[in-house]
Every structure is written in C-alpha cells, then in structure tokens.
Amino acid sequence: MASFIAGLGLVYHAFFAMTDYGHLFKNEYGAMAALMATLIAGRDALKPLWSLRFLRWALVFTGYVLVQSWWCAHHVSLSPSYEKQLSVAANAVRLGIFSAILAVWLMRYWRWVPHLLGLMLAGYLSMLIFRSSWMPAGAGAWPRLRLVYSENIVGLFAGELLVILSIVMISQRHRWWQLLALVVAWCTMFACLALSQSRGALGATGLGLIVACTGWIISQRSRVSGRELWRHSLLLFGLLLACVVVLAPVLGQRVGGADSVIRPLLEHGVTAVPDSPVGLRIQLYALGVETFLQHPWVGIGMRTVEPLIAAHGIGTGHYTPPHLHDIYLQILVSLGLVGALILAGGFITLLHDGWRAYKAGAISQRLTWILSGWMTLLLADIVLDNHLWHFSYLRTTQEVLFGLILAGRLRATK
C-alpha cells in the first residue's frame, strides 16, 4: 500500500511540478502523498530517510527559524507577527524536508526517472496549451508570454527543460519519430524562453547548456564513436543557431536596455538610476546591502523584507517588489550569517552526496550531466531573482532536482 501511494505521489508531483492549476491540483499534493507513504511504511522508509545528512541540516534549519522568527517579531522594526514570519519560513522548510522524502521513493522507483522528467515536460506543455496568455507590448516590441505565473518563471522552467531535452537528444540514438518529437519540444521550449521577459533566465540557460553539453561530450569521448558524438552535437548546435536566427528580433529586445542604466549609475550613484527593471534591481540591492550591515548575524526575518521595501518607497507605479530579486542577498538579509551558514551547510552536503553517488556509479552519466546543467542554471538564475521556494511550483520543481541527487546517494549506500 505504501509503495502504491508513493508511486502515485511521484507521478502527480512530476506532472504538476511546473504548473499552477490552483488548489484543486495543488503542486505539493504529490509530496504529501509520499510523506503519508513514508509514515505507513515505517522503519523501511524512515531508516534511509534519517540516513540523509541533508535532512538533518533541514531539521537544524527548522529549529533556527523557529527561534529567529520569534526574535525578529519582537526586536526588529517593521516585522510582522511571529505567525507571519513562520508562514514564510515554512516554504524553505518544506523544500528541504519534501526533497528528502521524495528521495526515498525515487530510489525505489529509479527506473521511472526518465518518465518522470517526461511528465514534467508534459505538465509544462499543458500550461502552454490551456493557461497561456500574452502581455501587451509597446510599439515595435514583441508581446510577452505568460503561463499564469510571471514571465521570468516561464523562462526559468523552459530553460530547465531545454537542458534536459538537450542531453536526451545528444546522448543516444533515436528513431525518426522520437527525434522529431524531441526537436519540436526543444524548439518550443526555446521559443518560450525567448518570449519570456527574463534576461536572467536567458543567461542562466546558456550557462546550464554549456555545462551539461560540454560535460557530456568530454565524458563520452572514449565511450562513443567520434562520428556519432559529432552528429548529435551538430544537430543541437544547428537547432540552437536556427532558433537564434529566427528569434533574433525577440532576443535583441530582451537583452537590450542595460546600457541606459550603467552610465548614470557610475556617474551619479543609485539615485540617478532610471525607472526601469534593471534600475529597480539596483535600488533593491543597495537596500539589501545596507540592511544586512545593520543586522548581520540573525537578519530581519523572512517576512520583513517586503514591508522594508515598501517603507523605502522602492517600486514602479502600483508595483512594490516582494523580495530583493537576488536569493543570496535575500538569505543574508532575512536570515543573517547564522541562517545563511546553515543553508550553505545543507547545500554543500547535497552537492557532496551527488558527487559520491556519481563516483559510485549510482547515477548514470546522462543523468549526471542533466542534473549538473540544471543545478548550474538554477544557481545562476537566482542571482537575479527569488526562484527557490517563493511559490509552490518553484518548490516542487526544485524538490525533483534535489530529490534525484539525494536518491542517487541512497542508491550508492544501498
């Protein structure tokens, strides 16, 4: 019974990981089903779960935010109540704990991993078909694609799927219809990335593709014939070149405009930055650095950042940013050095577990470079945004990534 419930939870979690269909199909119902299955299975599931050092870091972090949220609620100006502080901190806690729980069942259903990644693509395509909309654009500008959630998340998810599809495309032979389906899906994801507004997602996807594809090619030089490797690589490069040429006007509009911010910033400081998305981010970064220097050790609380931004009047029109558009700075400001070090400890443990699983042969070469490119993309993207646990569809997507790495570690120890 436990295995059946967990299997259904994994399927649900994968399909709805990148979707936002509301409470009827809430993203984390799949992880909740895996949690229920873990409790039903008892020792058989709890023993490998507790063996994960990552989970122990998550529990230490949980204890820290319980105390830190109380302290901020009573000693930091603009801080909301203790309950509101915890409601935001719970997002990060869920990401850590659900990742570990999913890892236990991903280990048992390891053969499902390619199909689960395919379900993530299917879920994203369902959003594209049923929930897409277009934001109006000014004269001479291209409209921006939305899938209920914001355009920069559209670009982030499309970039993550591009990395997965790229490695699948160049890592094995395909029948003509399989190759055609991969090419259509790849071009669709590239178009979604280009039509989103996110410069950060564009740059992060480029880094992710470089790491994933270069790593795969180098690792396979002695295993695969040079002709086959070059044929697959040239196919991917040709697709990339064709998409860039076709969508050049869109890409040009997305990456332009930064030069209008750099000169006034260098000459006159933050106050002279024009009212633009880039200028808004620079104001947020300046506020974040100033606040961190005032509260370096335990921060101001995870729920206090938004009222702090509003109190300083940073925004455009009726829009006030809810976060600092840089998760690293956001963590330092909201959790302080102590909280940041705890999170860093958990993340380093995650990467170390992934490395040990790779060395033990528990994760295939293909999946290794998918996860490496995916992780690179995520770490680069969150430099410019808060795309780690801010929304449920962000958490569920990262839970798949972290869960796969941890499942590989469990397989290695088993």
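**Overview**

Tutor: The protein chain has 17 helices and two strands. Helices (H or I, at least four residues) and strands (E, at least two) are DSSP runs, numbered from the N terminus. This is a predicted model: local features need pLDDT of at least 70, side-chain atom pairs count only at pLDDT 80 or more, and totals for chains, interfaces and linings use all residues. Residues are numbered from 1 along each chain as its sequence is written, and side-chain values use heavy atoms, with hydrogens and water left out.

Student: How much of the protein chain is buried?

Tutor: Buried residues are 50% of the 414 residues. Buried means under 20% relative accessible area, exposed over 50%, partly exposed in between (1.4 Å probe, protein chains only).

Student: Which residues have the most contacts inside the largest nonpolar core?

Tutor: Trp 105, Tyr 124, Tyr 149 and Phe 157 do, in a core of 106 residues. A nonpolar core is a set of buried Ala, Val, Leu, Ile, Met, Phe, Trp, Tyr and Cys residues joined through side-chain atoms within 4.5 Å. A second, separate core has 14 residues, including Leu 280 and Leu 308.

Student: What is Tyr 149 in contact with?

Tutor: Leaving aside neighbours within four places in sequence, its contacts (heavy atoms within 4.5 Å) include Met 18, Asp 20, Tyr 124, Phe 157 and Tyr 393.

Student: What span should helix α16 have?

Tutor: At 1.5 Å a residue, the 17 residues of α16 (residues 365–381) should span 24 Å, and the end C-alpha atoms are 24 Å apart, which agrees. The expected span is 1.5 Å times one less than the number of residues.

Student: Now, where is Ser 171 found?

Tutor: Ser 171 is in the loop between α7 and α8. Ser 171 counts as buried because its relative accessibility is 17%. A polar atom of its side chain lies 2.7 Å from the backbone oxygen of Ile 167 and 3.4 Å from that of Val 168.

Notes: A polar contact is a pair of N or O atoms within 3.5 Å; within protein, one must be able to donate a hydrogen and the other to accept it, and residues adjacent in sequence count only if both atoms are side-chain atoms.
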